[in-house]
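I opened this entry to look at the ligand site and the strands and helix around it. My notes are in the order I looked things up.

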Amino acid sequence: MSAAGPAAELRTELSIETRGLTKRFGHQLAVDDVDLAVPKGAVFGFLGPNGSGKTTTIRLLLGLASATGGSMRVLGEEMPGKLNDVLPRVGALVEGPAFYPFLSGAANLHRMDAADPYGVAATRRARIQSALDRVGLTHAADKKVRAYSLGMKQRLGIANALLAPRDLLVLDEPTNGLDPQGTREVRSLVRSLAADGATVFVSSHLLAEVEQICTHAAIMSAGRLVAQGTLAELRRAGQARIRVLTPDPGTAAHVLAGLGLTATVSPDGAASAGPDAVLFAPLPAPAAAPAPAARETAGAADAGPQDVEPEAVVAALVAAGVRVRGFATEQVSLEDRFVALTGEGFDVVQ
Ligand SMILES: Nc1ncnc2c1ncn2[C@@H]1O[C@H](COP(=O)(O)OP(=O)(O)OP(=O)(O)O)[C@@H](O)[C@H]1O
């Protein structure tokens with residue numbers, strides 16, 4: 001990505017691209033003016049708290065619901081106009097497929113493929129075997145689905161999405177409701193799908209999950225897309241900040257303001273020690289840091305001050321007579337940043 005300037009970004013082939021995508025349910029904007037850019041070959045995490053609009057966006061992309069506004073291209077084709085050309089190249093797992101519990105895994109796939117207008121009967125048996133093999137269920141092909149674990153059922157759902165060679169896989173919360181073992185199985189499967197060359201678009205409300213399996217991510221909050229880019233870009237866009245422990249917060253804030261830094265005193269007394277206050281001030285990102293693809297549509301757009309070295313900050317504070325009892329520079333974690341962007345915490349998973 002290092003050579004990627006705006007021009008290179010424009011040339012990037014996108015598997016999914018939306019412009020101003022909007023879906024309204026009555027008065028509620030479930031998807032609000034979303035511009036998604038999912039590069040070909042990415043494992044793209046679509047991250048956001050429950051109710052932030054992920055499933056609705058996915059339903060729009062797959063032609064399962066119609067948009068109120070905006071445009072979409074999937075695999076380079078205008079949607080929903082080219083739905084019939086595009087859908088055979090897209091495998092999807094949305095809201096958990098319903099299987100017949102009294103039929104085997106293979107028999108369920110047979111029924112689903114037979115019901116698919118694009119499923120070619122002559123190759124059905126071989127495609128089913130290959131999909132079961134791909135998700136590690138060959139040994140359980142003839143077992144009734146009612147005897148499957150949740151992880152196995154979810155892998156069967158992914159096998160269903162893999163019944164034909166796919167350029168794009170869309171998986172809506174594939175680890176939802178799974179136990180740790182099932183979660184591990186599905187995560188490692190998702191990683192390997194991308195290794196085969198498909199673009200994988202996977203929604204999750206779990207930050208740690210996206211960090212484990214994805215190369216790229218977009219963050220949704222209340223229907224809006226608030227950031228997207230590679231994980232590295234999203235991390236880099238998180239600003240470093242300085243932390244000052246001092247009994248002279250007023251003077252310190254004044255000195256920092258003189259350096260172009262905006263200080264906030266720690267909102268919770270917990271971070272302060274005795275009579276000392278804790279001041280935080282974001283440092284401007286180094287000139288090369290914010291990568292062009294890590295676009296952000298909320299906050300952080302303000303032009304910041306020029307580079308300020310931490311040692312220069314300490315020197316200025318001391319020169320102004322501020323009693324500096326503690327000083328540190330800290331990187332804002334991806335989690336802090338996501339919480340700041342979405343206003344919500346993320347569930348923690350292993
Ligand atoms: N068919 C519908 N009719 C009315 N409102 C809907 C409909 N589908 C979704 N919504 C609303 O749109 C908002 C976004 O829902 P959506 O299911 O897309 O979010 P999500 O991020 O996928 O959340 P979750 O992880 O809980 O599925 C929610 O407030 C939801 O209640």
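Ligand shell. I kept in mind that this is a predicted model. I listed the residues surrounding the ligand: Phe25, Gln28, Ala30, Gly48, Asn50, Gly51, Ser52, Gly53, Lys54, Thr55, Thr56 and His205. I then sorted the shell by residue class and got two nonpolar, nine polar and one charged. Which element gives the largest share of the shell? I found that H2 does, with three residues. Strand S2 (28-34) and H2 each supply at least two residues of the shell.

Helix H2. I checked burial next. Eight of the eight residues of H2 (residues 54-61) are buried, so the helix is largely enclosed by the rest of the structure. The buried residues include Lys54, Thr55 and Thr56, which I had already noted around the ligand. Ile58, Arg59, Leu60 and Leu61 are also buried. Just after H2, I noted glycine 63 with a positive phi of about 75°.

Strand S1. I went through the pairings of S1 (residues 14-25). S1 runs antiparallel to S3 (residues 37-39), with three bridges joining them; leucine 14 has proline 39 as its bridge partner there. With S5 (residues 69-74), S1 makes five bridges, also antiparallel, and threonine 22 stands opposite glycine 69. With S2, I recorded four antiparallel bridges.

Hairpin. What lies between S1 and S2? I found two residues between them in a hairpin, and glycine 26 in the turn has a positive phi of about 60°. Phenylalanine 25 is bridged to glutamine 28 in S2, and Phe25 and Gln28 are both among the residues around the ligand.

How values were computed: Residues are numbered from 1 along each chain as its sequence is written. This is a predicted model: local features need pLDDT of at least 70, side-chain atom pairs count only at pLDDT 80 or more; totals for chains, interfaces and linings use all residues. A residue is buried if 20 or more other C-beta atoms lie within 10 Å of its own, exposed if 12 or fewer, and partly exposed in between; C-beta atoms are placed from the backbone. A residue is near a molecule or strand if its C-beta atom, placed from the backbone, lies within 6 Å of it. Ala, Val, Leu, Ile, Met, Phe, Trp, Tyr, Cys and Pro count as nonpolar, Asp, Glu, Lys and Arg as charged, and the others, Gly among them, as polar. Two strands pair if DSSP finds at least two bridges between them.
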